[in-house]
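Hi,

Here is the structure I said I would pass on.

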Amino acid sequence: KILMVKEKFIIDSDTNCLLLAWPSIYRKKIFWRDLIKIYYKLISIIISNGYHIILIHHENVNIENEIELIDKKFSDINSNYKSNISFHEYDFDDIWIRDYGPKLTKSGIARLIFNGYGEKYFHKNDSLFFNYLMQKYPRNNNDMFNNIVIEGGNIINSSKDCILNINPIIMHNQLSSNSIKNKTKELFEQYMDGDYHLIDIQELTGDDTDGHIDNLVRFKNDTTLLYMSTNEKDHPDYELLKNLEKQLGKLIKNSNNINDMIPIDHNYQDVVRNRNGSILPFSYLNFIMIGDLIIFPVNLNTDIQKKKDLEELFPDKNIYFIESSALLNEFGSLHCCSNNFVI
C-alpha cells in the first residue's frame with residue numbers, strides 16, 4: 001500500500017510479544033546447551049509475566065525434546081504455556097530475527113530489506129521471512145525501506161525520535177556517505193513523523209554487523225539516552241566509545257526532545273572472549289524491553305553492584321538478567337536474537 005500519512009515506530013514497552021528463532025542450527029556447536037539455557041530462560045521470563053512468544057523453528061525440530069537436554073520442560077514454567085507460545089515452522093537461515101524481522105509502526109508494520117549484512121552470509125530465506133509472517137499475522141504494511149538496507153538492530157526509537165548509525169548503512173548498501181544521507185533524509189522526511197538523527201561510529205571489536213546501534217545507544221525514555229562507555233584505556237573500544245560520547249553530546253545539543261545521556265560503564269572485566277581468545281561484542285545496551293520488563297545481558301564477570309546500577313536505571317520496570325556469553329559466540333546478544341511484536 002502507498003503510505004498516505006506519516007508513520008511512527010512503536011516503542012518496545014508498548015509491545016506484548018517477542019519473536020524468537022529457535023537456535024537449533026547451532027546444535028553441533030560446543031555452546032549448544034548454553035544457547036538452550038539462554039532461550040529457555042528468556043521464554044520463561046516472557047510467558048511467566050503474561051506476555052507472548054512467537055517461536056519460529058525448522059522442520060522436524062522438536063523443541064520440547066531439545067530443552068530436555070538441560071533437564072527442563074515448558075510445563076515447568078506454566079502448565080498452560082501453550083496459550084503463551086505460538087509455534088511456527090520456517091526454514092530461516094540465522095537466528096538474528098531483529099534484523100530480518102518486521103519493524104512495527106503505529107499503522108501496522110514496515111518491511112525491512114535484508115541482504116546478509118552486505119552479502120556476508122546466505123540470507124535468501126531470511127529475506128523472505130517478512131512475507132511468511134504477514135501470512136500468519138496479516139496487517140497493514142508498507143515499503144518505506146524499499147530502496148535502502150537498514151536492519152532492525154540499527155534502528156532505535158523513542159516515541160519522538162529515531163537514531164541510526166550510518167556506518168552499517170554505508171557498508172551494507174555499498175554507497176557513499178552522501179548517498180546514504182540523502183536516502184535517509186528522503187525516507188524519514190517523506191514517511192516518518194518525528195525527528196531522526198545519524199551517528200557515525202565504527203563497529204565494536206568482534207562485531208560483524210559493522211556497528212549496529214543497539215550495542216551502542218538505547219533510549220531510556222523520550223528525553224534520555226543510555227550509551228556504552230568506558231574510562232579504562234585498556235578496554236579495546238576505549239577510543240571508539242569516547243568518540244561515541246562526543247557525537248551524542250552534539251546530537252543532544254541539536255535535539256528538540258533529547259536532553260540527557262547516561263553512561264553505562266564497561267570495564268575491562270566486561271571484555272568477553274571466546275575459547276580461542278578472540279574478543280566478542282559484549283554490551284549491556286543490548287537489552288530487551290517489552291511491556292514492563294527489561295532483560296539485560298550479563299557476562300560471567302558481571303558483579304552484584306553492576307546489576308544494582310542497571311536496576312536503578314529503570315525503577316518502574318521488572319528487571320531480569322541473563323548470562324549471554326553463548327550468544328556472543330555468534331556475534332549477537334539478547335536484543336539481536338529477538339524482535340518485538342504485537343498480537
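Start with the side chains of β2: His52, Ile54 and Ile56 point one way, Ile53, Leu55 and His57 point the other way, and all of them are buried. Buried here means under 20% relative accessible area, with exposed over 50% and partly exposed in between (1.4 Å probe, protein chains only). Since six of the six residues of β2 (residues 52–57) are buried, the strand is largely enclosed by the rest of the structure. Helices (H or I, at least four residues) and strands (E, at least two) are DSSP runs, numbered from the N terminus.

Before you go further: this is a predicted model, where local features need pLDDT of at least 70 and side-chain atom pairs count only at pLDDT 80 or more, while totals for chains, interfaces and linings use all residues. Residues are numbered from 1 along each chain as its sequence is written, and side-chain values use heavy atoms, with hydrogens and water left out.

Back to β2. What does it pair with? Strand β1 (residues 17–21) runs parallel to it, over five bridges; pairing requires that DSSP finds at least two bridges between the strands. Leu19 has Ile54 in β2 as its bridge partner.

Neighbours within four places in sequence aside, Cys337 is in contact (heavy atoms within 4.5 Å) with Leu19, Leu20, Ala21, Tyr39, Ile95, Trp96, Ile97 and Leu327.

Then there's Leu240, in helix α10 (residues 238–253). Buried or exposed? Leu240 is buried, at a relative accessible area of 15%. Its contacts, again leaving aside neighbours within four places, are Ile201, Gln202, Glu203, Leu204 and Leu216.

Now the whole chain. It has twelve helices and 18 strands. The radius of gyration is 19 Å, close to the 20 Å that the globule rule gives for 343 residues, so the chain is as compact as a globular protein of that length. For that value, C-alpha atoms are used, and the rule is 2.2 Å times the number of residues to the power 0.38. Along the principal axes, the C-alpha trace spans about 50 × 50 × 40 Å. Buried residues make up 58% of the 343. Of the contacts with a separation of 6 or more, 76% are between residues 24 or more positions apart.

Cheers
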